[in-house]
Amino acid sequence: MLADEVTHVKMGSDWLRRITVNDSDRQQAALQFQRVVDKLFSFGGFRGEEEENPIHLAREFRRQAGFTQDEIVELVDVAAEAYAEAQAMQNAAVAQA
C-alpha cells in the first residue's frame with residue numbers, strides 16, 4: 001500500500017509541474033491549494049517532525065515520491081504552523097472556561 005501511495009503522489013507531483021510549467025500563476029495557485037490541503041491533513045499539527053508530534057513526516061517516502069527538499073521543508077513548516085494554531089485555540093478555550 002505504501003508503494004502504491006508513493007507512486008500515486010509522485011504521479012500527481014510530476015503532473016502538477018508539467019501542466020503548469022509555462023503558467024507560473026496557475027502553478028502558484030495549485031501550490032497554494034496544496035498547502036491548504038497539507039495543513040488540513042496535518043491534523044492540527046499532529047503530523048510533523050517535533051518530539052510532541054505523534055505522527056512523524058516520512059521524509060524518505062516523500063523524496064521517493066518526487067518531493068524536493070524545499071517542498072519537504074514547506075510541509076514541516078505547514079505542520080508547525082497548524083500545531084501552533086491548534087495550541088492557541090486550545091489555550092483560548094481553556095482561558096474562556
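How accessible is Arg35, as a relative value? The answer is 23%, so Arg35 counts as partly exposed (buried means under 20% relative accessible area, exposed over 50%, and partly exposed in between, with a 1.4 Å probe and protein chains only). The model is a predicted one, where local features need pLDDT of at least 70, side-chain atom pairs count only at pLDDT 80 or more, and totals for chains, interfaces and linings use all residues. Residues are numbered from 1 along each chain as its sequence is written, and side-chain values use heavy atoms, with hydrogens and water left out.

Arg35 pairs up with Glu81 in a salt bridge, with the closest N and O atoms 3.1 Å apart (a salt bridge is a side-chain nitrogen of Lys or Arg within 4 Å of a carboxyl oxygen of Asp or Glu). This pair links distant parts of the chain, as Glu81 sits in helix H4 (residues 69-96) and Arg35 in helix H2 (residues 24-40), 46 residues apart. Helices here are DSSP runs (H or I, at least four residues), numbered from the N terminus. Glu81 is partly exposed too, at 30%.

Lys39 and Glu85 form another salt bridge, at 2.7 Å between the closest N and O atoms. Lys39 lies in helix H2 and Glu85 in helix H4, so this pair ties together parts 46 residues apart in sequence. Arg35, Lys39, Glu74, Glu81 and Glu85 are linked in a network of salt bridges.

Definitions and conventions
Helix = DSSP H or I, 4+ residues; strand = E, 2+ residues; numbered from the N terminus.
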